[in-house]
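The structure is shown first.

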Amino acid sequence: MNPFPPTLFSGQHFAVLGLGRNGLPAVCALAQSGATVQAWDDGEAARAALAKAVSGLPQDVAARITCAPIESLSGVDGLVLSPGIPHVLPKPHPVAILAQEAGVPILSDAELLYRAVRKAGSKARFAGITGTNGKSTTTTLLAHILAEAGVPVAAGGNLGPAALALPLLPDNGVYVLEMSSYMLERLDTLRFDAACLLNLTPDHLDRHAGMEGYARAKTRVFTGQTAQELAVIGVDDAYCREIARTLKAGPAQCVTISGTSPECDLYGQDNAIWHAGQCIARLGPALPGSHNAENAAAACAMARFLGVPDAALAAALLSFPGLPHRQKLVAEQNGVAFIDDSKATNADASARALGCYDRLIWIAGGMAKEGGIASLTPYFPRIVHTFLIGRDAAQLAGTLTAHGVPFTLSDTLEHAVPAAYAAARSTGTPVVLLSPACASFDQFSGFEARGLRFLELARAVTEQPQTGTGKTD
């Protein structure tokens with residue numbers, strides 16, 4: 001793995017708006033590859049982070065970076081817009097309007113990575129993974145399988161390192177990119193050798209003018225594919241089953257996957273992945289539930305297409321360590337397991353976790369998505385008690401009241417975790433599950449911070465000296 005040539009984008013000029021996890025690496029990578037860059041962020045802290053990053057660059061590279069409001073895009077070759085900044089709906093950012101009026105392409109950093117790799121002469125392949133849920137696990141799992149099989153691999157995009165922070169891979173390398181709907185809207189020349197759409201449930205509907213627009217953005221992961229490439233599609237929801245019918249007609253090879261259905265090409269059953277009635281790999285402890293079987297089936301389909309033998313694939317599934325904040329055991333004491341599923345920021349993601357446990361104490365809440373937790377009613381009989389936190393706790397409480405589910409309005413994790421532990425001990429319930437079904441931004445900087453705080457609190461209560469059994473008559 002090598003850095004990109006320092007003259008790769010010489011003579012080109014880019015504007016970068018938004019200096020977060022994607023934008024800041026994009027500024028540095030473009031300048032290090034010879035481009036001049038005008039960068040801006042409305043946040044003072046983000047601009048300070050850019051200044052710090054620029055101060056650590058060689059003088060000739062730093063000289064190619066300007067931090068100033070973007071008021072004109074004359075002579076600009078492309079606008080790199082951070083994924084969270086809208087260019088159409090619900091209201092386009094003024095700089096996005098400038099770009100559209102000037103005919104300047106609005107690009108994602110994944111698009112620029114693809115251009116950089118090809119301009120550098122590498123024939124490395126690209127694997128793209130999208131879906132409402134499971135993207136991060138599938139991306140990380142596929143990268144793990146490839147690495148264990150000895151394939152040069154770099155993973156990032158919407159997960160982990162920004163796309164333009166990834167190194168240049170050799171011809172036999174594979175870039176594994178998690179792709180959000182926002183990133184997929186901004187593709188131009190990027191084509192995936194292996195592309196996957198795991199599932200679709202309503203999300204980001206304001207950004208895409210409803211479910212039809214959201215589905216259209218997600219299916220862009222298959223754009224430009226030919227008969228030499230692979231399209232993988234989950235069929236455990238109605239939206240994807242309809243898309244699968246189109247994909248089956250080509251041009252790419254189409255493989256269907258499922259967490260449960262043996263009618264698919266690859267599917268989960270008995271804690272394993274199967275193909276044509278044959279078990280090809282067992283699932284390790286970091287991949288519980290049918291939703292993770294779906295993720296693993298997708299990773300297996302793509303890994304096979306990319307040349308990984310089944311024996312290597314099977315070994316890698318067993319050694320996969322899992323991801324933080326995705327049904328991760330973080331503490332255990334007195335027969336009570338604390339499970340961090342903070343990544344579950346919508347009801348569909350929480351359904352996948354709730355379905356894994358027969359009896360549990362549930363911690364939920366935050367900023368509710370459209371529909372709240374109404375879709376989770378089939379799992380309510382499993383819940384012994386719910387502790388609600390965050391801005392929309394009262395809204396969620398209304399749903400629980402209507403279905404007779406006991407709950408406590410705890411407001412914060414600091415109140416919820418000790419109370420949940422006490423409730424678990426007094427009722428003999430084996431699991432305390434943080435699976436909020438809500439976004440975290442009312443109380444935390446993101447789901448990661450929420451999960452880390454849960455871990456701290458869980459370990460604090462389980463490490464206290466214990467007296468008695470905790471049970472009451």
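## Cavity and pocket

One cavity of 30 Å³ or more is counted. A cavity is a set of points on a 1 Å grid over the protein atoms alone where a 1.4 Å probe fits but cannot get out, while a pocket is an open set with protein on both sides within 12 Å along at least five of seven lines; lining residues have an atom within 4 Å of a point. Grid points are joined across faces, edges and corners, and a volume is the space filled by probe spheres set on them. The model is predicted, with local features needing pLDDT of at least 70 and side-chain atom pairs pLDDT 80 or more, whereas totals for chains, interfaces and linings use all residues. Residues are numbered from 1 along each chain as its sequence is written, and side-chain values use heavy atoms, leaving out hydrogens and water.

The volume of the largest cavity is about 50 Å³. Its lining includes Val16, Leu17, Val80, Leu81 and Met183. Strands β1 (13–17) and β4 (78–81) each supply at least two lining residues; helices (H or I, at least four residues) and strands (E, at least two) are DSSP runs numbered from the N terminus.

The second largest pocket holds about 350 Å³ of space. It is lined by 16 residues, of which Asp236, Ser290, His291, Asp348 and Arg352 are the closest to its centre. Helix α11 gives the most to this lining, with four residues. By class the lining has three nonpolar, seven polar and six charged residues, where Ala, Val, Leu, Ile, Met, Phe, Trp, Tyr, Cys and Pro count as nonpolar, Asp, Glu, Lys and Arg as charged, and the others, Gly among them, as polar. The pocket lies between domain 2 (109–319) and domain 3 (328–461), because both give residues to its lining. These domain bounds come from an automatic or database domain assignment.

## Aromatic contacts

There are five aromatic pairs, counted when the ring centres of Phe, Tyr or Trp (its six-membered ring) lie within 6.5 Å; planes under 30 degrees apart are stacked, over 60 edge-to-face and the rest tilted. Two of the pairs are tabulated here.

| Pair | Centre distance | Plane angle and class |
|---|---|---|
| Tyr114 and Phe126 | 5.1 Å | 70°, edge-to-face |
| Phe338 and Tyr421 | 5.5 Å | 50°, tilted |

Phe338 in strand β16 and Tyr421 in helix α15 are 83 residues apart, and their pair links distant parts of the chain. Phe338 is buried at a relative accessible area of 0%, and Tyr421 is buried at 6% (buried is under 20%, exposed over 50%, partly exposed in between, with a 1.4 Å probe and protein chains only).

## Backbone geometry

Most residues other than glycine have a negative phi, and most peptide bonds are trans. The bond from Leu89 to Pro90 is cis, with omega near -5°, and Pro90 sits in the loop between β4 and α4. Gly250 and Pro251 are also joined by a cis bond, with omega about 10°.

Ala276, although not a glycine, has a positive phi of about 55° and is exposed at 61% relative accessibility. Gln327 likewise has a positive phi, about 50°, but is buried at 10%.
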